[in-house]
Amino acid sequence: NIPATGEELLRKIAEHPCYDKKAQHKYGRIHLAVAPKCNIQCNFCVREFDCVNESRPGVTSKVLSPQEALEKTRQIVADYPFIKVVGIAGPGDPLANDATFETFELIKKEFPDLTLCMSTNGLLLPEKLQDLLRVGVSTLTVTVNAIDPEIQAKIVDHVVYHGKVYRGVEGAEIQVKNQLEGIKAAVDAGMVVKVNTVLVPGINDKHVIEIARKLNELGVYIMNVMPLISQGAFADIEPPTAEERKAVQEACEPYVMQMRHCRQCRADAYGLLAQDMSQMSEERRKIIKI
Ligand code: CLF
Ligand code: SF4
């Protein structure tokens, strides 16, 4: 795999609706819901819905096979040529699903000019990074909700790593270590890395600034502080107010650029961020056979 040149990367960022605020009204993305399995259990996640790390709950995406995902991309990109980014963001963790890599390979072969994007909980990032580079992923999101394993242990119930279940701080240590190692290696390999952080009042709200400082050290391009969506084991925790979130973003801004236009998309969203066409009329869906 030939790494993208600086110029190519700048073009990709300028055409990426999540990485460049100005691009959101001009360029779109398509998400391919090919990744149902997950290898951790976040306390705010209800499994039958999409991955909340980069998604909105209460909706379930229909899982596609890699071939179906390719066909969907063909149809949608033909209809909406302003779509420049193909992302895999669930419904589970993309790195826990072989279909993710198969899908990217198919897309890259047929659409070499589209930017391939992926969002992960990072547990498998160090061991899967070479595969991601091989299939041509250039923009990568890792959800980092804590860098202190004691805090992370309050957010993730358990992780399943190489066939073994690790609970509490033991599991959190493995995940945090792999996330940070994986992010560093991805930045070093020339990927443009974004970090999503779910702001959970009373759990990581005071800690997010420490995450931002670490991201600065690691060379992360942009950070997206997302409000908690209260469900699962965190159903009783009040989400942060808009003001609380804004204050956290302002405190983090000196360390790492802040994304403020996230729409908490579905794992099968497509179109412009502001107009999620996955919720288009049934009639339209039938016409393009999705
Ligand atoms: Fe999708 Fe995520 Fe890529 Fe964007 S979404 S995989 S980086 S192409 Fe964007 Fe949607 Fe927010 Fe995600 S608005 S949920 S940040
Ligand atoms: Fe749910 Fe996503 Fe967390 Fe997996 S990584 S448990 S799918 S929120």
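Begin by selecting H162, which lies in the loop between strand 6 (156-161) and strand 7 (164-167); helices (H or I, at least four residues) and strands (E, at least two) are DSSP runs, numbered from the N terminus. H162 has a positive phi of about 50° and is not a glycine. Most residues other than glycine have a negative phi, and most peptide bonds are trans.

This is a predicted model, in which local features need pLDDT of at least 70 and side-chain atom pairs pLDDT 80 or more, while totals for chains, interfaces and linings use all residues. Residues are numbered from 1 along each chain as written, chains are lettered from A and ligands numbered from 1 in the order written, and side-chain values use heavy atoms, without hydrogens and water.

Next, select P91, in the loop between strand 3 (83-88) and helix 3. The peptide bond from G90 to P91 is cis, with omega near 10°.

Move on to helix 3 (residues 98-110) and helix 4 (residues 125-135), whose axes come within 9 Å and cross at roughly 20°. Axes are lines fitted to C-alpha atoms over the stretch in contact, with angles from 0 to 180 degrees between N-to-C directions. The crossing therefore makes helix 3 roughly parallel to helix 4 (angles under 35 degrees). To show the contact (heavy atoms within 4.5 Å), select F101, F104, E105 and K108 of helix 3 with K128, D131, L132, R134 and V135 of helix 4.

Now select ligand 1. It is surrounded by 16 residues, the closest being C18, H31, E54, C117 and C265; surrounding residues have a heavy atom within 4 Å of the molecule.

Finish at ligand 2, with 13 residues around it, the closest being C38, C42, C45, C51 and N53.

Notes: Parallel < 35°, antiparallel > 145°, perpendicular 65-115°, else oblique.
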